Amino acid sequence: MLLEGHKVQRSHLEQQTQLRASQVARALAAQVSALFSGLDYATRNLASAYEARDMSAFLLAQETLRRTTPSGAILQVAVADSNGKVVYSSLQGTNALAVGIGDREHFQVHKQGAVQGLHVGRPILGRVSQQWSIPLSRALMRNGRFDGVLVVALSPSYLSSFFRDVFGQPNDVVLLLRNDGMYLARSHGEQSVLGTSVPPERQFLTDVSHQYGAYEVVAQVDGVRRYYAWSRTPGFPMVVSAGLDKQAALAPLLPSLKTSLIRNGVATAVLLLGASLIAWLAVQRARGQAQLAERDALLRKLVEQVPGALFQLKRSASGAHSFPFAGAALYQLHGVRFAGSPGDTTDLVPMLHPDDAHRVLHSVQASARYLSPWEQIYRLKLANGTVRWMHGHANPERTPDGGVLWHGYIHDISEERATQEALRESEERVRLTVDAVKDGMWQWDVVEDRLVWDARCQSMLGNGHEKRQGNLQDFYAMVHPRDLERVQTALSSNLERDSEYRQEIRLRTANGGWLWVETRGQVINRDDHGKPLRMLGMHSDINRRVESERLVRALLDQSSAVIFLTSPSRYIVHANDRAIQLFGPLQGQSVRIIHPNQESFERVAGHYPELRIQGWSRSEAQLQLQDGSLRWFDMYGTLLDPEDPEGNVIWTAHDVDDRHRAQTALVTAQQRLLALIDHFPGGVLLDDPKARQIVAANATLFQLLGVDGFSAEKGKGSRAALALLLPLAIREMLLPVDPQAAVQLGTELQFPDGRILEMDQVLLQAQQRSLGRISILRDITESRRRQSVLEQLAATDTLTELPNRRTFMARLTEEFRAVRDGRHPAGAIVMLDIDYFKRINDTYGHAVGDEVLKDLAALMRNSLRITDMPGRLGGEEFAILLPGTEVKQCLALAERLRQSIETHPTQSSAGEIAYTVSFGACVLNMQTRGPDQCLARADEALYHSKRTGRNRVTLWTEEMDKLV
């Protein structure tokens with residue numbers, strides 16, 4: 001009996017030791033999974049930013065990773081190109097860019113396409129850092145092709161030091177291994193095992209079907225026999241193994257067993273001594289259990305220091321939930337007071353955000369039903385109103401009583417979400433700003449010579465509304481030959497010295513014409529040697545401004561007055577044709593050249609103080625013409641910029657030497673202006689709202705306005721009569737009552753008969769006095785009609801005249817956003833596909849097959865509501881968007897359409913052809929993640945109809961998704 005009692009005590013202590021090792025292994029596996037989940041999330045952000053070549057977002061993501069991981073955990077962030085050359089490293093110095101990783105395992109697996117997502121590589125001794133590191137790598141893609149690898153180097157020493165904190169005894173160890181048995185970290189003796197693997201007969205290598213287990217073995221590393229318990233890391237190809245020194249674990253019991261056997265042999269009859277021995281053994285057993293409790297307390301204390309919360313959630317066979325294990329951190333995350341021991345979920349479930357509660361609880365039920373890993377990102381709404389983002393994941397297992405036990409981890413990701421949201425809002429503000437000013441953006445990857453123009457740049461040139469990619473030579477080919485050298489010089493200067501790149505140039509449009517734009521840009525990234533890497537810029541449409549300037553200049557040159565612009569030092573900057581005719585070449589000359597003597601020059605200079613103060617000055621002066629004759633002129637000077645009294649001055653000089661000749665010249669100038677108006681290629685109207693009369697108008701104007709019986713001569717002065725003949729909306733824009741009403745540039749006037757006129761207006765002012773306004777009208781009806789036809793052709797399938805796939809997807813995306821934002825009620829998507837359509841083509845030919853497709857399109861149009869949208873996705877596959885339609889209505893409509901198709905054979909050129917169609921339907925609601933998901937689900941339901949007999953309607957259910 002005594003020997004049997006010793007055996008029972010030893011077995012019980014071994015079981016307790018194995019149980020503690022198993023608990024430690026599973027807890028650490030959950031914590032390692034949480035750490036690597038955060039690193040996986042961080043590498044996705046880094047890779048996305050680098051693939052978009054957005055270095056500001058890349059550096060922000062790198063800084064976020066640094067702040068959210070313990071010091072020393074991350075050794076390096078690096079990027080290698082498609083050849084394995086390191087092109088970026090977070091390490092200081094230039095040696096980081098002088099190495100390659102093309103021969104490394106973590107590069108080759110991505111280049112060969114063997115791994116999707118995060119890869120945990122073999123520990124390597126860094127060529128730059130000269131430290132052991134665990135490479136966490138992710139492939140970089142560009143245009144669907146391999147473009148390199150992002151590497152985050154994790155310190156195995158950090159992991160090993162963390163594991164050492166779990167066990168105080170030097171012979172207790174924790175191992176972190178890859179699924180192939182290679183060491184990633186070891187709490188003791190790390191340097192001696194990195195780069196090696198455990199023996200291949202280990203249980204977790206030979207039995208890949210189990211998630212955890214236990215074994216007893218003598219370690220080859222240090223010769224210590226231990227009880228080992230292992231657990232696979234949820235979501236990652238790694239194993240955590242915890243080993244407890246067998247000798248140390250049995251130390252409290254073995255001496256007592258040995259002493260007991262000796263004394264039993266010497267004096268088995270001494271019952272009292274035997275009883276005392278049994279009591280002493282009980283004390284030793286209690287001490288062993290106390291040591292186990294002490295180590296469990298140490299483990300619980302360590303778990304509480306983890307940034308997040310470990311937990312065990314149990315669901316009984318009756319459906320009740322409770323926490324066998326949960327620290328205070330879990331309750332702190334939920335803003336609930338911890339009572340000292342875990343209980344049920346009553347206090348925590350109400351903290352789930354109302355918008356996320358159903359999804360989270362449903363995912364827990366699904367995990368319990370299928371024993372699938374549980375992972376969710378969701379929000380908590382605490383009692384004080386604060387909203388926090390959480391990331392939770394757990395692995396379930398079936399308990400002997402038929403319940404489910406989850407081992408999991410939850411941590412707060414609010415800061416990461418806030419950082420991402422701030423970045424997204426910043427990008428959105430930039431986009432909205434660019435959209436508001438109607439400028440186009442371009443960016444140039446100088447190293448790869450890749451130039452991208454956005455949709456606005458393309459729209460300016462009439463090249464559609466899609467962004468375009470090219471290179472610098474493509475841009476030069478668009479520049480007007482007279483502007484090319486100037487652009488090349490300015491661009492080269494900016495690349496070399498960061499000088500301002502701002503040029504007004506002409507670019508070729510889609511119709512072969514030229515558009516004036518202001519192009520400007522700046523180098524925003526350079527390497528350590530100052531070499532430009534990336535340039536960002538904008539294009540502004542200045543065509544109307546240039547045309548306006550040319551129009552003004554043309555009007556100035558037609559003026560009978562002498563007009564010239566002088567600098568503050570009284571040099572002539574510009575002179576109109578009249579001034580050149582009278583005085584000869586003036587540009588760049590001193591004003592002294594038109595004065596007969598110094599006295600006259602200084603007399604006019606005496607008026608400058610008055611001009612600087614009040615903004616204008618008027619005087620008469622005798623000037624010398626180029627033939628030497630003298631004539632008197634009425635000189636009127638104004639500041640070019642009223643806000644700059646010391647700036648340039650515009651001088652207008654009227655010849656008053658002969659009043660008659662002056663009046664004749666004025667009449668001639670007026671006639672020229674009227675002739676210009678009469679022969680202008682468009683309608684011209686010069687009216688004076690203050691005097692309520694039309695000053696001038698040409699015949700083209702009245703023809704464009706469709707006013708019968710009006711002519712340029714009859715229309716003059718009849719402002720009120722003309723206004724009565726125009727529609728109210730057009731009258732208010734063309735003939736505003738307020739003289740100071742805002743001018744209209746590029747305004748489109750829509751007439752009831754369908755004609756569209758484009759109108760530009762300019763206010764005319766002189767000497768701070770309003771002279772009216774000039775309106776120029778052009779007929780753009782045919783241009784708009786051609787544009788409308790092209791848009792219709794681009795949006796329609798030419799065979800069936802239904803919306804094509806692009807148009808249908810754009811409309812589906814709009815409806816999805818409206819449903820998601822709560823602006824529209826839930827709707828539905830129906831996909832349909834002709835059964836055995838290939839037989840029709842093979843039997844009757846593709847022409848007859850086309851007749852069947854057109855007949856089906858006609859049936860769909862006649863069977864649907866005006867709010868529904870059918871579309872042809874390709875081949876014999878069609879789809880229908882049903883906004884605001886409930887499931888029953890959707891299925892009823894699809895069934896009616898199916899029956900109509902079945903009972904209405906196509907009357908084709910080859911005779912009557914009967915055919916059937918299979919349908920798949922899916923609900924479009926606020927839970928839908930996107931239009932592509934909704935269409936994919938409808939497609940799954942459609943092919944479920946195909947697999948189950950065809951000629952039927954099937955509604956998508958979640959079971960279909962799980963089967964797929």
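Which residue in β22 is the bridge partner of Met441? I looked this up and found Met538.

I note that this is a predicted model, in which local features need pLDDT of at least 70, side-chain atom pairs count only at pLDDT 80 or more, and totals for chains, interfaces and linings use all residues. Residues are numbered from 1 along each chain as its sequence is written, and side-chain values use heavy atoms, with hydrogens and water left out.

**Entry: β17 and its partners.** I take helices (H or I, at least four residues) and strands (E, at least two) as DSSP runs, numbered from the N terminus; two strands pair if DSSP finds at least two bridges between them. Strand β17 (residues 440–445) runs antiparallel to β22 (residues 532–541), with 6 bridges. I found 4 bridges from β17 to β18 (residues 450–453), also an antiparallel pair. Asp445 has Arg450 of β18 as its bridge partner. The hairpin of β17 and β18 has 4 residues between the strands, and there Asp449 takes a positive phi near 50°.

**Entry: a five-stranded sheet.** I traced an open sheet in the order β29-β28-β32-β31-β30, with antiparallel pairing. Its edge strands, β29 (693–697) and β30 (747–750), each pair on one side only. I recorded 4 bridges between β30 and the antiparallel β31 (residues 756–766). Glu748 stands opposite Glu758 in β31.

**Entry: nonpolar cores.** I use the term for buried Ala, Val, Leu, Ile, Met, Phe, Trp, Tyr and Cys residues joined through side-chain atoms within 4.5 Å. In the largest, of 43 residues, Phe58, Phe163 and Leu176 touch the most other members. Helix α1 (residues 2–51) gives the most to this core, with 13 residues. A second, separate core of 28 residues includes Val852, Ile880, Leu893 and Ile913.

Technical notes: Buried means under 20% relative accessible area, exposed over 50%, partly exposed in between (1.4 Å probe, protein chains only).
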